Amino acid sequence: MGLAESEEGSVPENRYIRVRQVFEKHNISEAEFDSSMVYWCEHSETLKEIMKRVSLRLDRKAEALGVSSDQQISDAYSALSADGDTANVWLGSNFRLVLATTRQNVFRFTITADSTYRPGDTFLWAFTPQTLSSRGQQDVYVQFSVQYEGDSTVAVSRTLYDDRPAIVEIGERLIRKGSRIRQVSGCVYLPPALKGQFAVTSLSHIALVRYHHEPPVVAVADSVDTEIEVDSIAEDTSEHVRLSPHEVRGSGAKEHTINIVKEKNSKWVKRKKRK
């Protein structure tokens with residue numbers, strides 16, 4: 001099925017041809033394979049171990065052939081530690097199995113925020129899905145959310161149509177920058193299969209990455225230094241001599257005479273009172 005999705009032409013036609021080749025190689029019919037998968041879906045714990053071994057074996061074969069697998073994307077996130085500004089905070093197993101049966105067709109997780117979570121953090125959930133279904137192409141639904149104090153929630157939903165690595169992100173455009181984070185949640189939903197049919201999705205290379213974003217630092221100058229460029233400074237070598245006012249004014253200065261006219265004193269005359 002993976003080869004059929006990567007080849008040119010019609011995907012359903014390519015898938016039919018590739019599946020038929022597998023049946024012919026192992027000399028089984030499609031009905032026999034379907035009934036076998038129905039049995040294993042009823043024994044999910046054993047099937048989980050089988051799927052893990054198959055996934056590991058395929059990864060090793062790809063590395064031996066020098067194939068650069070897309071799974072390296074989620075592997076890079078899985079290698080992160082739980083410390084630092086970029087940290088992998090995934091706490092559970094890095095392999096999960098989701099079956100299209102009652103009470104097993106939903107995988108959920110919730111991580112409660114602690115003191116290492118900061119307002120403004122962004123998150124990325126990465127994993128590699130592999131789906132096998134008797135109906136051929138099987139859609140898988142994913143939801144990823146961050147809940148803040150005050151019950152404010154930001155969520156992102158996606159539909160997975162193939163087995164390429166899934167990356168679901170809650171970036172800076174969606175987060176509540178000033179709010180404290182309460183918890184981070186996610187779920188994978190596989191629609192139930194009809195009677196006599198099967199569908200199974202494995203999730204491997206799971207990682208949950210938390211990013212710290214420091215607020216921009218605004219530099220405040222305590223003092224302002226002003227530089228003054230001086231082309232030349234004349235050295236004063238003259239002796240300090242006390243100059244007269246006339247010398248200070250210079251030879252071009254002129255004196256002005258102000259004529260002041262003194263007024264005569266006024267004489268007060270005392271008048272007689274009228275009868």
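**Overview. The whole protein and the conventions used in the legends.** The model is predicted, so local features need pLDDT of at least 70 and side-chain atom pairs count only at pLDDT 80 or more, while totals for chains, interfaces and linings use all residues. Residues are numbered from 1 along each chain as its sequence is written, and side-chain values use heavy atoms, with hydrogens and water left out. The protein has six helices and nine strands, where helices (H or I, at least four residues) and strands (E, at least two) are DSSP runs numbered from the N terminus. Of its 275 residues, 30% count as buried; buried means under 20% relative accessible area, exposed over 50%, and partly exposed in between, with a 1.4 Å probe and protein chains only. Taking a contact as heavy atoms within 4.5 Å, 75% of the contacts between residues at least 6 apart in sequence join residues at least 24 apart.

**Close-up 1. Helix α2 and the residue that follows.** Helix α2 has 16 residues (residues 11-26) and, at 1.5 Å a residue, should span 22 Å, which agrees with the 23 Å between its end C-alpha atoms; the expected span is 1.5 Å times one less than the number of residues. Asn14, Arg15 and Phe23 of α2 are buried. After the helix comes Asn27, which has a positive phi, near 55 degrees.

**Close-up 2. The salt bridge between Arg20 and Glu30.** A salt bridge is a side-chain nitrogen of Lys or Arg within 4 Å of a carboxyl oxygen of Asp or Glu, and the structure holds four of them. In one of these, the side chains of Arg20 and Glu30 meet at 3.0 Å, N to O. Because Arg20 lies in helix α2 and Glu30 in helix α3 (residues 30-42), the pair ties together parts that are 10 residues apart in sequence. Arg20 is partly exposed, at a relative accessible area of 30%, and Glu30 is partly exposed as well, at 33%.

**Close-up 3. The salt bridge between Arg180 and Glu149.** The closest N and O atoms of Arg180 and Glu149 are 3.7 Å apart in this salt bridge. The pair links distant parts of the chain, 31 residues apart, with Arg180 in the loop between β7 (166-170) and β8 (181-189) and Glu149 in the loop between β5 (140-148) and β6 (153-160). Glu149 is partly exposed, with a relative accessible area of 46%.

**Close-up 4. The salt bridge between Arg164 and Asp162.** Here the closest N and O atoms of the two residues are 2.8 Å apart. Arg164 counts as exposed, at 56% relative accessibility, whereas Asp162 is partly exposed, with a relative accessible area of 21%.
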